[in-house]
Amino acid sequence: MAEEDDAEKQTIESVMGFSGFGKKAAMHFDVEKMFAETRRSAQEYTQSVAIKKGVETGGAEGVGEGGEMRSGDSSDDDDDIIGPPLPPGYGAGGSGSQPERSEEGESEEDDEEDNSDFLHSFPLSHEVKLEHGDKPVSALGMDPSGARVISGGYDYTVRLWDFAGMDSRLKSFRSITPCESHRICTLQYSITGDAILVASGSAQAKVLDRDGHNKMQCPKGWQYIIDMTNTKGHVSMINCACWHPKIKETFLTCSNDCTLRLWDVNEKEKQLNVIKGRDKKGRKSAISTCTFSKDGKMIAAGLVDGSIQLWKSSGPFTRSSLHQYTAHTPGTETSCITMSHDNQTLVSREVALKITIHYRKLRLFLFLKGD
């Protein structure tokens, strides 16, 4: 009776489809067989790719048994290449081969080598690194004896460095903020080294003594006066300043108020002379840079209208003595101007910002001496 019940139960389970429920056997995998199939399929793929490549290029490469790549120029016939071909830039030496250098990478390395050669071409015997701060340095100056250096930057700070009193920490002996929240534009020692001229984004230049203490501050003009010759100082930010190369008390400043002004350290209330910057049509133009000639007899300035103009330092200042109105691109800033020691050549630099393009130009102008 029990046997009949078991037989009937098995018949019902087989009919319902769950006769093997709860008695599922474990699956067995033949690992060696799987690896052999994978190897064979990889060799077949490599062989097909090699045949296709040989047909397209007409090369002498062949495929041997087991998917071996054979070349007429290669002596290694025993190496098997398994899997797809190597990516571009890799040789046939396997995973340890290095990628080929692109032309762009080679050009960058060549530029780095050229820059390194250029830096090593300077006749340097010693070198130290002076840390001014976290922000860019915008002005540097060295006293005539070469014993001290002064630096100023976008952090509004001026630091004084003394090589004779400096220890291994290379720290500045004094740090000051002479112009509050204005970026430092110009730092220059006088010809005797006993005074420092400081120009910033403000309308007032300052003169410090050798140790950084305030000695003189230029007055600020009244901005509501139309005629700039009647103001006692600049009414807009100063762009550049420089000392007279022969007279230690005299210095020059230029500003966005379209004027150059001559100052005397002993005259703290008002400037000595005012020079108006004008374009070819007689309209006012801001002045971005200025300098003296090496003998101090000429004043040179770069204007925003793109012109370079020169005046005699002794006057008169109504019109420029020499000028080149097409020296630079109109509306751009001439960031630097200087004259040669023989006062025959003038060099200026234009910094033009056009959206994302930043370029610099060097222009030479020759001026013949008059009688």
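These are my notebook entries on a predicted model of one protein chain.

**Entry 1. Overall make-up**

I started with the secondary structure and found 3 helices and 21 strands in the chain. The chain has 371 residues, and 34% of them count as buried. I then looked at contacts between residues at least 6 apart in sequence; 41% of these join residues at least 24 apart.

Residues 130–162 are 0% helix and 52% strand, with the end C-alpha atoms 11 Å apart. Residues 280–312 also come out at 0% helix and 52% strand, but here the end C-alpha atoms lie 19 Å apart.

**Entry 2. Nonpolar cores**

Which residues have the most contacts inside the largest nonpolar core? I noted Leu 252, Leu 260, Cys 290, Ile 299, Ala 301 and Trp 311, in a core of 15 residues. The strands that each supply at least two residues of this core are β11 (238–243), β12 (250–255), β13 (259–264), β15 (287–292) and β16 (298–303). Apart from this core lies another one of 13 residues, with Leu 197, Met 216, Cys 218 and Ala 241 among them. For context, I note that nonpolar side chains tend to be buried together in soluble globular proteins.

Leaving out residues up to four places away in sequence, Ile 299 touches Leu 252, Leu 260, Leu 262, Ile 275, Thr 291, Phe 292, Gln 309, Leu 310, Trp 311 and Ser 313.

**Entry 3. Thr 291**

Thr 291, one of the contacts of Ile 299, lies in strand β15. Is Thr 291 buried or exposed? Its relative accessible area is 13%, under the 20% cut-off, so I recorded Thr 291 as buried. Beyond four places in sequence, Thr 291 touches Cys 242, Leu 252, Met 298, Ile 299, Ala 300, Ile 337 and Thr 338.

**Entry 4. Largest pocket**

I ran through the pocket list next. The largest pocket holds about 1,100 Å³ of space. Its lining has 43 residues, and those nearest its centre are Cys 185, Thr 186, Cys 240, Ser 335 and Cys 336. Two or more lining residues come from each of β3 (137–142), β7 (184–189), β11, β15, β19 (333–339) and β20 (345–354). By class, the lining divides into 21 nonpolar, 16 polar and 6 charged residues.

**Entry 5. Ser 138**

I picked Ser 138, in strand β3, one of the elements that give two or more residues to the pocket lining. Ser 138 counts as partly exposed because its relative accessibility is 25%, between the cut-offs of 20% and 50%. Not counting residues up to four places away in sequence, Ser 138 touches Gly 152, Gly 153, Tyr 154, Arg 183, Ile 184 and Cys 185. I also noted the C-alpha separation of Ser 138 and Thr 186, which is 7.9 Å for two residues 48 apart along the chain.

**Entry 6. The loop between β17 and β18**

Ser 314 lies in the loop between β17 (308–312) and β18 (322–324). Ser 314 counts as exposed because its relative accessibility is 68%, over the 50% cut-off. Its C-alpha is 8.2 Å from that of Met 298, a residue 16 places apart from Ser 314 in sequence.

Which two residues does a cis peptide bond join? They are Gly 315 and Pro 316, with omega about 0 degrees. Pro 316 lies in the loop between β17 and β18.

**Entry 7. Positive phi**

I checked backbone angles last. Most residues other than glycine have a negative phi, and most peptide bonds are trans.

Leu 170 has a positive phi, near 60 degrees. I found Leu 170 in the loop between β5 (158–162) and β6 (174–176). With a relative accessible area of 24%, Leu 170 is partly exposed.

Cys 258 also has a positive phi without being a glycine, at about 70 degrees. At 13% relative accessibility, I logged Cys 258 as buried.

Conventions. Residues numbered from 1 in each chain as written. Predicted model: local features only at pLDDT ≥ 70, side-chain atom pairs only at ≥ 80, totals over all residues. Heavy atoms only, no water. Helix = DSSP H or I, 4+ residues; strand = E, 2+ residues; numbered from the N terminus. Core = buried A, V, L, I, M, F, W, Y, C linked by side-chain atoms within 4.5 Å. Buried < 20%, exposed > 50% of the residue type's maximum accessible area, 1.4 Å probe, protein only. Contact = heavy atoms within 4.5 Å. 1 Å grid on protein atoms, 1.4 Å probe; cavity = no way out; pocket = protein on both sides within 12 Å on 5 of 7 lines; lining within 4 Å. Points joined across faces, edges and corners; volume = space filled by probe spheres on them. Nonpolar A, V, L, I, M, F, W, Y, C, P; charged D, E, K, R; others polar.
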